[in-house]
Every structure is written in structure tokens, then in C-alpha cells.
Amino acid sequence: MRTSENINIHILRLAIPNIVSNFSIPLLGAVDTALMGRLDSEHYLGAVGIGGVIFSFIYWGFGFLRMAMTGLVAQAFGKNDEAECGRLLLRGLFIGGLGSFLLIVLQAGIAEVSFTLINASPEVERLARVYFHIRIAAAPATLCLHAFHGTFLGLQNARYPMFLTILVNVINLALNLVFVQKLGMTVEGIALATVIAQYIGLLLAGALFFARYRHVLRASELRTVLQPAQLKRFLSISSDIFIRTCFLVFSHAFFTAKSAELSDTVLAINTILLQFINLMSYAIDGFAFAAESLVGKYKGAQDTHKLKRTTRYVFRWAFLFGGLLMVIFAVFGQRLLHLFTEQPSLITQASPYLGWIFVAPIVNVAAYIWDGIFLGATASKPLRNTVIFSTMLFLGAVYVLMPYGNHGLWGALTLLLVARGASLTVLARKYIA
């Protein structure tokens with residue numbers, strides 16, 4: 001009994017700060033949506049939606065810097081290997097710096113490919129290009145912050161990521177209000193606010209790490225940071241996560257592209273509805289992040305008993321929290337639409353699709369929590385393979401269900417999450433031990 005209580009305490013100690021910090025991320029997106037939704041044209045809303053999808057593809061693609069770092073650092077922490085924890089952070093910062101350099105150099109090509117794939121109206125595309133070429137300047141800060149966040153979580157510290165995320169998003173939100181409402185800017189103001197906030201966050205992350213964990217860096221030797229064998233393992237896990245994430249983000253980008261293909265109005269509606277999905281996913285991901293940290297630690301310590309208990313208890317908490325969110329969405333969903341836009345036609349046309357939002361918190365739990373567990377165990381290959389499989393199902397479903405319009409798109413997106421959760425459940429016995 002004491003063991004179960006201790007694990008539950010550890011889960012909540014990690015999950016609650018992650019939930020708080022994760023909630024601030026979609027809330028920032030919600031404010032962006034609300035600010036653009038209150039302007040005199042739906043083109044601004046569509047432009048920020050498309051710009052957000054492009055950067056989701058870019059930054060989620062580099063999400064391995066956070067995800068691989070958490071599992072690897074947690075396993076090193078479980079082994080009491082401080083030197084390896086320090087080396088992992090330095091490897092992550094090196095790869096983040098290199099990746100951001102390539103993104104900035106190749107930004108023109110990335111923009112052309114992105115706007116070729118997303119078939120938006122000329123005015124929406126013009127505004128989205130402005131947003132893109134400003135926000136890309138934040139790449140170095142954003143990618144290096146991924147590495148810091150993963151390291152903090154691996155060290156079983158969820159408070160620093162919470163503090164950093166909230167501070168960055170509060171600064172971003174404040175600058176959004178100043179740039180858009182006070183200075184009369186539109187999409188360029190939203191992008192510039194993000195750039196400034198990200199660099200402030202990076203400076204603070206470095207200061208926090210040095211203040212508390214300087215001994216971790218002292219224990220590591222710089223000449224061993226890029227040691228071929230260890231770097232190969234890091235890159236192997238990262239590449240699997242990168243491929244997995246690219247397929248996931250492609251699926252969401254494809255969903256947005258198909259929304260734009262239906263009409264600018266459907267694009268605006270789905271941009272609003274996806275804010276509900278983001279709120280739900282970031283909240284439940286708080287428990288997934290806790291699973292990453294704890295599963296990694298217990299795997300490193302070779303404590304199979306606590307690893308299995310952690311898996312069971314994390315699922316219980318996630319389903320409980322998902323049920324609470326489902327009730328909130330069912331009761332307040334219609335009212336919440338008014339937070340994102342004052343255009344009556346958009347509210348009226350979005351309402352029929354709220355049913356997909358109501359069921360999402362329960363339907364999606366398995367995919368999110370298994371992701372965290374497999375990441376903590378650094379079982380990257382099954383994560384990669386199940387997402388590829390699920391994406392193929394999703395693409396097939398889109399074309400089969402597209403005659404049903406926007407309901408067909410939402411049905412296909414729901415199938416994607418169900419397939420991910422089911423396939424990982426089948427593989428868990430083999431890979432999680």
C-alpha cells in the first residue's frame with residue numbers, strides 16, 4: 001500500500017506542474033485565435049492557423065530534443081550517472097543549435113514547400129508568409145528550450161519547465177496584446193511576440209540550470225559529449241521519434257489542408273475547434289510527461305515492479321482527468337466558442353461539430369499515455385511504426401469519408417488517435433518491462 005501511495009504522489013508531483021505548464025501553451029494559441037477572430041476578416045484567423053500548423057510541423061519534428069532527452073536523462077538519473085546527464089544536455093544543445101541554423105538557412109525552401117502543400121486562398125497565404133518569415137527567427141531559442149525541458153524532466157524536476165513555460169507564455173501573451181491591440185499590428189505582431197518571448201525563456205533556462213545543476217556539468221567531460229557510440233544511440237532514438245513526429249504533424253497538417261480545401265470558413269471553424277483538442281491533449285500530456293520521467297527512472301534503476309505500477313496508476317489518473325474534461329466540454333462547449341470569435345456565423349456553423357470534441361478526452365487517452373510510457377522506456381521503434389500504421393489508416397479514412405464534409409474529416413482524425421492507442425496497447429507487453 002505504501003508503495004502505491006508513493007508512486008501516486010510521485011505521479012502527481014510531476015503531472016500537476018506539467019498540466020499547469022501545458023495548459024498555458026494552448027491558452028496562448030487560444031488568445032492568438034481570439035485576437036485574430038475579432039479582426040474584420042476571417043483571413044487573419046486562417047493565416048495564423050496555417051502558420052501555426054507549419055511551425056507545429058517544424059518544431060514537433062524537432063520534438064525529439066525534448067522527448068529523447070527526457071527518457072535518456074531519466075534513465076541516467078536512475079543509474080545515478082550525473083556525468084551522462086550533463087553530456088546528454090550538451091548533446092541536445094549541440095543538435096538544437098545545428099538544427100536551428102539549418103532551418104534559418106533553408107527557410108525560403110521550407111516556405112515554398114509548405115504553401116504548396118497547403119492550398120489556401122491568396123490573401124490567407126500572403127498573411128501566413130509574413131507570419132512565417134518573422135517567427136522562424138525564434139528557431140534557435142525554441143529548439144534549445146526543448147533540450148532544457150527534456151533534461152529538467154529527466155532529472156525529475158517538473159517545476160522548472162512549468163515556470164519557464166508559464167513565464168514565456170505570459171510574456172508572449174502580453175506582447176500579443178500590446179502589438180495587436182495597442183500598436184494595430186496583425187499577424188506580424190503575433191509572430192514577433194513569439195520570437196521575443198522564446199529568447200527570454202532560453203536565457204532564463206540556462207540561468208536556472210546553472211544555478212541548481214552546475215555539478216552535473218562539472219561531472220561531465222566535454223571531449224566525451226560527441227563520443228561516437230553514445231551519439232549514435234542518441235541519434236538513433238531521436239531519428240525514430242523524429243519520423244514518428246513528422247507523421248503525426250503531417251496528419252494534422254493534412255487535416256488543416258483538407259479543411260482549407262473545403263472553404264475558408266471550414267478552415268476558420270476547425271482552427272477554433274482544434275483549440276479544444278489542444279487544451280485536452282496538453283492537459284492529459286501532463287500525465288504522459290510524468291510517465292516519461294518515472295518510467296525512465298525505474299528502467300534505469302532496473303526496478304520492474306515500480307515501472308509496472310507506474311504504468312497502471314498513470315492510466316487511472318489520465319482516464320479520471322479525461323472524464324472531467326469531457327464533462328466540462330459537454331456543459332460549456334457552446335459557451336467556450338464565444339471566447340474564440342464574435343462572428344455569429346462561425347459560432348453557428350461550428351456547433352454541429354462539438355460532438356467530436358466531447359468524446360475526444362476519453363477516446364485519446366490511450367495514445368497519449370502510451371506515448372509517454374514508451375518514450376520513458378526509450379522504446380522508439382514501436383512508437384515510430386505504430387504512428388506510420390495509424391497515419392496510413394487516417395489518410396485512407398479521409399478519402400473514404402471526405403464526401404461527408406467536415407464530419408468526415410473529424411471522423412478520420414478520431415480514427416487516427418484510436419489506432420495509435422490500440423496498436424501501442426497490443427505492443428506494450430513486449431516492449432514495456
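How much space lies in the largest pocket? The legends below start there. Everything here comes from a predicted model, where local features need pLDDT of at least 70, side-chain atom pairs count only at pLDDT 80 or more, and totals for chains, interfaces and linings use all residues. Residues are numbered from 1 along each chain as its sequence is written, and side-chain values use heavy atoms, with hydrogens and water left out.

**View 1. The largest pocket holds about 510 Å³ of space.** A pocket is an open set of points on a 1 Å grid over the protein atoms alone, where a 1.4 Å probe fits, with protein on both sides within 12 Å along at least five of seven lines; lining residues have an atom within 4 Å of a point. The volume is the space filled by probe spheres set on the points, which are joined across faces, edges and corners. Of the 21 lining residues, Phe57, Val113, Ser114, Leu117 and Ala253 are the closest to the centre. Helix H2 (42-61), helix H5 (107-117) and H10 each give two or more residues, and H10 has the largest share with eight. Helices are DSSP runs of H or I with at least four residues, numbered from the N terminus. The lining splits into 16 nonpolar, three polar and two charged residues. Here Ala, Val, Leu, Ile, Met, Phe, Trp, Tyr, Cys and Pro count as nonpolar, Asp, Glu, Lys and Arg as charged, and the others, Gly among them, as polar.

**View 2. The second largest pocket has a volume of about 290 Å³.** Look for Arg13, Leu14, Gln156, Asn157 and Ala158, the closest to its centre of 14 lining residues. Helix H1 (2-37) gives the most, four residues. By class, there are seven nonpolar, three polar and four charged residues in this lining.

**View 3. Helices H10 (residues 228-262) and H16 (residues 380-401) pack with their axes 8 Å apart, at about 15°.** Axes are lines fitted to C-alpha atoms over the stretch in contact, and angles run from 0 to 180 degrees between N-to-C directions. The two helices are therefore roughly parallel, the label for angles under 35 degrees, while over 145 counts as roughly antiparallel. Their contact involves 16 nonpolar, four polar and five charged residues.

**View 4. Helices H12 (residues 304-340) and H14 (residues 354-363) cross at roughly 160°, their axes coming within 7 Å.** That makes H12 roughly antiparallel to H14.

**View 5. Glu292 forms a salt bridge with Arg66.** A salt bridge puts a side-chain nitrogen of Lys or Arg within 4 Å of a carboxyl oxygen of Asp or Glu; in this pair the closest N and O atoms are 2.7 Å apart. Glu292 sits in helix H11 and Arg66 in helix H3 (residues 64-78), so the pair ties together parts 226 residues apart in sequence. The structure holds nine salt bridges.

Note on methods: Angles under 35 degrees count as roughly parallel, over 145 as roughly antiparallel, 65 to 115 as roughly perpendicular and the rest as oblique.
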